[in-house]
Amino acid sequence: MSENRQAAPHHDELLGDCARCFGLCCVALPFAKSSGFAVDKSAGDPCRNLQDDFRCGIHTGLRERGFSGCTVYDCFGAGQKVSQVTFGGVSWREAPDTARRMYEVFPVMRQLHELLHYLSEARSLDATRPLHGELDRALARVGRLTDASAAELETLDVGPVRAEINPLLLKSSALVRAAAGGKPKSRRGADLIGARLRGAKLRGADLRGALLIAADLTGADLSLADMIGADLRDADLSGADLTGALFLTQPQLNAARGDAATRLPEGFTRPAHWAR
């Protein structure tokens, strides 16, 4: 664990709990036949692998069956919030007339829960202590939005909420990355697709929104780097150091490649498909 990190970044309510969800990501969201999905599926159509109990019938073999895209998705707990709170535990199968609204609400809730995830992580850090009051207020504000009615959530524009929260996350990032010393590199939004970054010194770097698809990050120092929105699909993280990486998510790791020597922040799971 980073010396600046007070506690694990995740709260239970921000972790997906498929047992309490109505399979919303398997129904509400569309996907196109590609390297990540074996078939096409329209929004609102249940995935062919969705069972009567709302569980995935091929969950343990998603990659092998051509559904690796499912392994890099995380609702941040939005699924069970919509299922059990917004719609009171009544599924779209039990009340088909609620299905359309439920499918509209789910992506909105997912965005709000993602914001809560990032705010919660920022609030857990000692380095952000000067901002804890602001972070607490932001958490409360976004939390209240998640408790709105289905009708309110259906019409909610999350864009302005993100615009309000983003400066606070940026200030949090700056405080954390200052511990890296020197002048941290900025690669925000950079096109680094396929880049050769083996052994790169990116400690404390700003990698927000960077396109690192298939980049060679073998042995790179990514400690204390801001990883929010960085696209790590098929990036090679073998032997890389991600200790204290900020705003990193499990789906980002699931989309990448790595090995037993990759150093992860506490609270993350080494993906099963990584080299041992």
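**Ground rules and confidence**

Because the model is predicted, local features need a pLDDT of at least 70 and side-chain atom pairs count only at pLDDT 80 or more, while totals for chains, interfaces and linings use all residues. Residues are numbered from 1 along each chain as its sequence is written, and side-chain values use heavy atoms, with hydrogens and water left out.

The score itself, pLDDT, is the predictor's confidence in each residue, from 0 to 100. The chain averages 92, and 96% of the residues score at least 70. Residues 1-10 sit below 50, although this stretch has 31 contacts in the model beyond near neighbours in sequence; a contact here means heavy atoms within 4.5 Å. Where pLDDT is low, the predicted coordinates should not be read in detail.

**Overall build**

The chain has six helices and zero strands, so-called by DSSP runs: H or I of at least four residues for helices, E of at least two for strands, numbered from the N terminus. Read from the N terminus, the order is α-α-α-α-α-α. The radius of gyration is 19 Å, close to the 19 Å that the globule rule gives for 276 residues, so the chain is as compact as a globular protein of that length. For that comparison, the radius is taken over C-alpha atoms and the rule is 2.2 Å times the number of residues to the power 0.38. Along its principal axes, the C-alpha trace spans about 60 × 45 × 30 Å.

Of the 276 residues, 51% count as buried. Buried means under 20% relative accessible area, exposed means over 50%, and partly exposed is in between (1.4 Å probe, protein chains only). The chain exposes about 12900 Å², with carbon and sulfur atoms supplying 50% of it; these areas come from the Shrake-Rupley method with a 1.4 Å probe, and for residues only the protein chains shown count as cover. Among contacts between residues at least 6 apart in sequence, 47% join residues at least 24 apart.

**Helices α1 and α2**

Start with α1. Seven of its nine residues are buried, so this helix is largely enclosed by the rest of the structure. The buried set is A78, G79, Q80, K81, V82, S83 and T86, and these residues pack against α2, α3 and α4. Q80, at 5% relative accessible area, is buried. Leaving aside neighbours within four places in sequence, Q80 is in contact with residues including D12, E13, L15 and V85.

Helix α2 covers residues 99-123. At 1.5 Å a residue, its 25 residues should span 36 Å, and the end C-alpha atoms are 35 Å apart, which agrees; the expected span is 1.5 Å times one less than the number of residues. Of those 25 residues, 19 are buried, so α2 is also largely enclosed by the rest of the structure.

M102 belongs to α2 and is buried at 0% relative accessible area. Its contacts, not counting residues up to four places away in sequence, include F22, L24, V82 and W92. F22 is 80 residues from M102 along the chain, yet their C-alpha atoms are separated by 10 Å.

**Charged pairs**

Side chains of opposite charge can pair when their charged atoms come close. The whole structure holds 16 salt bridges, each a side-chain nitrogen of Lys or Arg within 4 Å of a carboxyl oxygen of Asp or Glu. Three of them are tabulated here.

| Pair | Closest N and O atoms |
|---|---|
| D147 and K81 | 3.0 Å |
| R110 and E114 | 3.2 Å |
| R233 and D231 | 2.7 Å |

What does the D147 and K81 pair tie together? D147 lies in the loop between α3 (132-146) and α4 (150-154) and K81 in helix α1 (residues 78-86), so the pair links parts 66 residues apart in sequence. D147 is exposed at 54% relative accessibility, whereas K81 is buried at 15%.

R110 and E114 are four residues apart in α2, separated by about one helical turn, and both are buried. In the remaining tabulated pair, R233 is partly exposed at 47% and D231 is buried at 17%. Elsewhere, salt bridges that share partners join R100, R101 and E154 into one network.
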